[in-house]
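Please look over the sequence and the structure shown here before reading the report that follows.

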Amino acid sequence: MNEVYVVGAGQTDYGSFPRESYRSLFKEAVDTAVASVDAEFDRESVDEAYVGTLGVGGRQLGLPGPAVTEFAGLNGTATTRVENACAASGVALRQAVLAVRAGVADVALAGGFEVMNDVSSERTGEWLGVSGETEWERMAGTTFSGVYAQMADAHMAEHGTTREHLSRVAVKNHANGAKNPHAQLGFETNLEDAMNAPAVADPLNLFDCCPTSDGASAVLVASRDAAEELTDNPIRIAGAGQSSGRVGLFQRPSLTEIPATQRAAEQAYDEADIGPEDVEFAEVHDCFSIAELLAYEDLGFCERGEAGPYVASGATEPDGERPVNLSGGLKSKGHPIGATGGGQVVEVFKQLRGEAGDRQVSGLSRGLTHNVGGSGGAVAVHVFEEGWA
């Protein structure tokens, strides 16, 4: 099996950019990724491109992939649109990895985009809901904040997770995001404000929820031979896992676990020949604060039911045993649906190369990304290591 390396990664700022188009955002992300490659990079060397987007607003539901790659200077490149809700670009990355491993491509691009702020909030809410289970949940009025509120409520009842545990996720991620120039909500908050914010869907409040975001991301991956021509500072993709799960919350035996995360992580760990104890830092899918706590347990960072005490211990702070969401996560950096998984890779790429600026944690050599579609219907997990194999 061919080895796969990340040789470049870039993203736009995340935020509200109603004057930008989906094409211009994606081109900016690709331009930034190309600029991050150590050697001169020829866009014509990209053999395959995988582009994630949900298509919020419905502006280009057909052929959005070719529409953005052509605009980004990749005209003629074989392009595939990937739709797996919020996990779209995490899954796009896995497709790029598989193409290089199979020898179909020497160089491939994975990324994504989303524009969510140029339509009314009511219409954006409708589009966000399309990834929920339609027949029995969405059409009955359930929203995504409502779905994750049920998961939070169940975790509190089963494991004693508290309001403070949820808010500590928000406080940590905002502190990290305040050091990220790409973050949409790049400000700090404190525990008192986070705990007393207005309710959204009980027990979740405003500070438990990520923002609605516009943005794009792009990641360039290459075979060992191609990577040796492009960089002296390689980041190897040591493991790539993906799994699907039941879309409806009502179909699952437990509201406090995401089995697709567990399966995707097991696959990625097996490929990398590591266990969760070997992961030094991670970017996890914190669309809601409870989602980060569930990720701790499903990825094996702590025992089942111990996520609340785990975050309260400081273990996932930048100076903790395993920093989580150094970028600010979805909560602070933002969540442009189709771009989120690629944006997580951008942070891991920078941290492993020592290029993360004020939020750099020294001495990191292995990181993980965790990208979730919906409430667990699709999950991609990747393990990254510094250096050649």
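What covers the buried residues of helix 2? The cover includes helix 1 (22-36), strand 2 (48-52), strand 3 and strand 4 (107-114), where contact means heavy atoms within 4.5 Å. This is a predicted model, in which local features need pLDDT of at least 70 and side-chain atom pairs count only at pLDDT 80 or more, while totals for chains, interfaces and linings use all residues. Residues are numbered from 1 along each chain as its sequence is written, and side-chain values use heavy atoms, with hydrogens and water left out.

Helices (H or I, at least four residues) and strands (E, at least two) are DSSP runs, numbered from the N terminus. In helix 2, which spans residues 64-71, the buried residues are Pro64, Gly65, Ala67, Val68 and Thr69; buried means under 20% relative accessible area, with a 1.4 Å probe and protein chains only. Just after helix 2 comes Gly73, with a positive phi of about 85°.

Most residues other than glycine have a negative phi, and most peptide bonds are trans.

The peptide bond from Asp202 to Pro203 is cis, its omega being near 10°, and Pro203 belongs to the loop between strand 5 (199-201) and strand 6 (204-205).

Technical notes
Buried < 20%, exposed > 50% of the residue type's maximum accessible area, 1.4 Å probe, protein only.
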